[in-house]
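Let's walk through one chain together, question by question. Have a look at the picture first.

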Amino acid sequence: MRFLQPRTLEEALELKTQAPEAVPLAGGTDLMVELNFDRRRPEAIMDLTQVAELRQWRRDDGELVIGSGMTYTRLLAELDRELPGLAIASRTVGSPQIRNRGTLGGNLGTASAAGDALPPLVAAGASIEVASRQGSRTLAITDFLVGAKRNALEPDELITAIRVPVARGPQQFSKIGSRNAMVIAVCSFALNLNPQARQVGTGIGSAGPVTVRAAAAEGFLQDALEEGRLWESHAEIPDSASVRFAELVAEAASPIDDVRGTASYRRRALTVMGRRTLAWAWGEYRGL
Amino acid sequence: MNLSLRVNGAEQEALGVWEGESLLYVLRERLGFPGSKNACEQGECGSCSVYLDGELVCACLVLAAQAQGRAVITIEGLAEGDELHPIQKAFLESGAVQCGFCTPGLIVATHELLERNPSPSDAQIREALAGNLCRCTGYEKILDAVRQAARARSA
């Protein structure tokens, strides 16, 4: 096994061209488990923690461009106001030790459907910047996540940044697990309300091979809010609309039975989380 | 590969390290710091909690090569010679130690908590120690120990 430790992004991309087999390593919360348990023996590992460019973030218009090496701890300390949905999800990641090491880029690289950061990023309409020596490209997160633990990265590419629109309104996240800490999501749900654009964003985690939007639920709720003039009136959302929204959330999922839960439990949990997050977010919008 | 890093304030060198080795393995098996325990090897139990450049981490999830040139503090680095650290004393006096396997990690995590937040609430203690599993005590005595250590610190 070879150990590569680039100091700059340019060097990292050069190394990835020369050694596309090199597996990127950031906080190690996924890859080290595979190494420790002899599940994986990469020919080469590329440590990205010394690449300063990947640890920075900046504002670009109404978006934040967050380096892929951003840890959950730093995200909570530095960006919790701008990205409240992602912040709530980040607080549910592992433990303090895990949040100190785990990165947004790592969650995207592993591309597990149970990645806690993914539903809020999907709900916020994030996009992913990837680069190789040939240049860079930006993909919608839903195009980046292509399958169970699969993403759209080419072998010579690295995830460089995550572009996320700053929250324009209430954002919520809910996660089901057997306890509060150190838990892999049985399923999770993220909701993003944008009163300016009159838009609703959603993200469903751990209830299908990939993290997906509940597009029909988004459309239904947008119509219900528009037709009832609820954005203007700040009135309560009728129960019937909340219930239908939550049903559509559950219908958008494609869960399976596995060790953490059954498909029917996950569907049921999604209806509860759909209603709950909507009540929380709308309550916040109403100033309650 | 050869590694050099600072452990508990002293330069250490590990020669012939396999590139896939964890920091925990290097600390325990190559550098003679067996205080950090190897239990789950997947970041679940916190028994190997150490400071890496001032940050609380699970040593089993750090590739040893990533610690090249960096500063590690282990449980062995908290006591002053034969004098136990006040947190260690609090754990002993509160009966927070049964089999003792989780204790080093819990003490390092408690140390980190009290550095950050000298008088934590019970909820903050639970949150800070959420990544450290104990299978003996039921945690109540551990909470007592952390409260006692916080009181001793502010006294």
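Q: In what order do the elements of chain B run from the N terminus on?
A: This is a predicted model, where local features need pLDDT of at least 70, side-chain atom pairs count only at pLDDT 80 or more, and totals for chains, interfaces and linings use all residues. Residues are numbered from 1 along each chain as its sequence is written, while chains are lettered from A and ligands numbered from 1 in the order in which they are written. Helices (H or I, at least four residues) and strands (E, at least two) are DSSP runs, numbered from the N terminus. Chain B has 5 helices and 5 strands, and they come in the order β-β-α-β-β-β-α-α-α-α.

Q: Which strands of chain B stand at the edges of the sheet?
A: Strands pair if DSSP finds at least two bridges between them. In chain B, 5 strands form an open, mixed sheet ordered β2-β1-β5-β3-β4. The end strands each have a single partner, so one side of each is left without a neighbour; they are β2 (10-14) and β4 (55-58) of chain B.

Q: What percentage of the residues in chain B is buried?
A: Buried means that 20 or more other C-beta atoms, placed from the backbone, lie within 10 Å of the residue's own. Of the 155 residues in chain B, the buried share is 50%.

Terms used: A residue is buried if 20 or more other C-beta atoms lie within 10 Å of its own, exposed if 12 or fewer, and partly exposed in between; C-beta atoms are placed from the backbone.
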